[in-house]
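Trainee: I'd like to learn how to read a structure like this. Can we go through it feature by feature?

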Amino acid sequence: MAEMRVNLCGIDILNPVIPASGTFGYGYEYADLYDINCLGAFSFKGTTKEPRFGNPTPRIAECTAGMINSVGLQNPGVDRVISEELPKLARCFDKKVMANVSGFSIEDYTYTCERLDKCEQVGWLEVNISCPNVHGGGMSFGTSPECAAQVTKAVKAVTAKPVIIKLTPNVTDIVSIARACEDAGADGVSLINTMLGMRINLKTRKPVVANTMGGFSGSAIFPVAVRMVYQVAKAVKIPVVGMGGVACAEDVIEMMLAGATAVEVGAQNLINPYACRDIIEDLPRVMQKLGIDSLSEIIGGCK
Amino acid sequence: MKQSDFKIIKNTPLTRDVYEMTLEGDTSAITAAGQFVNIKIDGLYLRRPISVCDAESDRLIIIYKVVGKGTRIMSELGEGVSLDILTGLGNGYDLDKSGDKPLLIGGGVGVPPLYNLAKRLIAQGKNASVILGFNTEAEIFYAQQFKALGCDVTVTTADGSYGVKGFVTDAMDKDYSYIYTCGPEPMLKAVYARCNSGGQFSFEERMGCGFGACMGCSCKTVTGCKRICKDGPVLGKEEILWQK
């Protein structure tokens, strides 16, 4: 029998498949379609201290084998997530959820994480450090090892839950940032967030998304993600959650061979709402074909 | 919402760049006029959201204008081709508020969703009038089909080549109990300004998923953030906040 269980930062999960933040809402849109308890976990919509509407529309652009989004962290704010979204989620998901947190200052991160730390449903805190630091000239926290370490330390100080730092690929050296997070006490890292991209409408000569640029995701970025997961997994001892363009069971295996302990699926959920369920159902077949008895044994198995 | 395969029965042009596609498949998830479907097209990443013109038993009719790569590919698909479609998306129009004399106002490719709406209103014994707005005579479609349903139909053309010269608002001098409308945003705005009853307005926005997960198509309303794909595309007149 194919053993799909993995252990992510001390928590056993059924399988390594985790819908990525921003593509799965707070779960219940998908719970109308299938029993989401088949998932290893899922990472909920990026949550901030205050409610956010996000960026103006259009926020979406089609690309070859991918898409650009500039949603801009639309969410109801952590207090309403805890009082409204999590109780709704509890009715359709009985496992630990990964709380995805964003902030624009260190205080934002600690405020949000402190509150989510008290939620029984939350298994892990996935801390998105791709947002601009309003006190740091607008540079993303995730583009400097010092800032990344600062966020990690601050968040670790307010929570007992495992902290996974979500890294941006829009940097010169992602390995140095991953190491800085590990040294600052991170329990894991997840990568890659979207790549900064842009499209221009040829007729109007204006950018397709109102915010000019946005995050590029989808199948097209898969090779970049595999490369970065491979480099980071070689350099750190903490678990790596791999993501970026994962679309099928074979992609999950490839991410794990590159060094991922668990694998997030993002944009694919938007084009096939059953993507995660389909991948989980297909994994045993692919494992058998490849002679894999247990997924946890192939983590970092690339020769 | 339902994901299923549909087979193309017919795919023919109604005008130079507006096509009518008839498909065969499971339409059971389509529960209201004004809902839309989201179509997977080979070679493209995101699905293409298209409003439902009519759905009955196993037949689905959509009308689309060729405006880009996706709709270009759609226009070239032949009979028998199978398409992966998400159906039953969006809220659709609420018929209960129509009163006895609802006025339906459509502009360009905003016309199609009003067809099934008119059909449903007439089936309820309502006296439905329709104003269909186009730029020019060559772009007119479906006026006959609305007449065949038993609607009182007024056509406007911006250049005056057919019917009332001007915009749909130039034909709004009639007695109506309620307004249902779909069309380009400037038209919706003009109808909103002239409308002296309650009404429902169907909006368009670029979408990621089409089923409420990605927040790609959010808009601000009087009652808070709404997703055009899930909480819309139809908004009540009293909810609308004009942004742009």
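Mentor: Start with pLDDT, which is the predictor's confidence in each residue, from 0 to 100. You need it here since this is a predicted model. Where pLDDT is low, the predicted coordinates should not be read in detail. Chain B averages a pLDDT of 96, and 100% of its residues score at least 70. For the model, ipTM is 0.93 and pTM is 0.95.

Trainee: What radius of gyration does chain A have, and what would a compact globule have?

Mentor: A compact globule of 303 residues would come out near 19 Å, and chain A has 18 Å, so the two agree. Along the principal axes, its C-alpha atoms fill a box of roughly 50 × 50 × 40 Å. Of the 303 residues of chain A, 57% count as buried. The chain has nine helices and 13 strands.

Trainee: Okay, let's zoom in on a helix. Where does H2 of chain A bend?

Mentor: General idea before the case: an α-helix has 3.6 residues a turn, so residues three or four places apart point the same way. Helix H2 of chain A covers residues 78-90 and bends by about 30° at Glu84(A), with a proline, Pro87(A), following within four residues. Its buried residues are Val78(A), Val81(A), Glu85(A), Leu86(A) and Leu89(A). They pack against helix H1, strand S6 and helix H3 of chain A.

Trainee: What about backbone angles?

Mentor: Most residues other than glycine have a negative phi, and most peptide bonds are trans. With that in mind, look at Leu73(A), where phi is near 60°. Leu73(A) sits in the loop between strand S5 and H2 of chain A. Over in chain B, Ser57(B) also has a positive phi, about 40°, although it is not a glycine. That residue belongs to the loop between S4 and S5 of chain B.

Trainee: Why is Leu73(A) called buried, and why is Ser57(B) called exposed?

Mentor: Count the other C-beta atoms within 10 Å: 20 or more means buried, 12 or fewer means exposed. Leu73(A) has 22, so it is buried. Ser57(B) has 9, so it is exposed.

Trainee: And which peptide bonds are cis?

Mentor: The bond from Thr57(A) to Pro58(A) is cis, with omega near 0°. Pro58(A) is in the loop between H1 and strand S4 of chain A. Another cis bond joins Leu191(A) and Ile192(A), with omega about 10°. Ile192(A) lies in the loop between strands S9 and S10 of chain A. With 27 other C-beta atoms within 10 Å, Ile192(A) is buried. Beyond its sequence neighbours within four places, its contacts include Leu167(A), Pro169(A), Val224(A) and Met243(A).

Trainee: Now for domains. How many residues of domain 1 of chain B are in contact with domain 2 of chain B?

Mentor: Chain B is divided into domain 1 (2-89) and domain 2 (95-202). Their C-alpha centres lie 23 Å apart. In domain 1 of chain B, 14 residues are in contact with twelve residues of domain 2. The largest share of that domain 1 side, five residues, comes from S4(B). By type, the domain 1 side divides into eight nonpolar, three polar and three charged residues.

Trainee: Last one: how many residues of chain B are in contact with chain A?

Mentor: 23 residues of chain B are in contact with 26 residues of chain A. Strand S13 of chain B gives the largest share of chain B's side, three residues. That side has 13 nonpolar, five polar and five charged residues.

Methods:
Residues numbered from 1 in each chain as written. Chains lettered and ligands numbered in written order. Predicted model: local features only at pLDDT ≥ 70, side-chain atom pairs only at ≥ 80, totals over all residues. Contact = placed C-beta atoms within 7 Å. Helix = DSSP H or I, 4+ residues; strand = E, 2+ residues; numbered from the N terminus. Nonpolar A, V, L, I, M, F, W, Y, C, P; charged D, E, K, R; others polar. Bend = angle between axes of the 7 residues up to and from the residue. Domains from an automatic or database assignment. Rg over C-alpha atoms; globule rule 2.2 N^0.38 Å.
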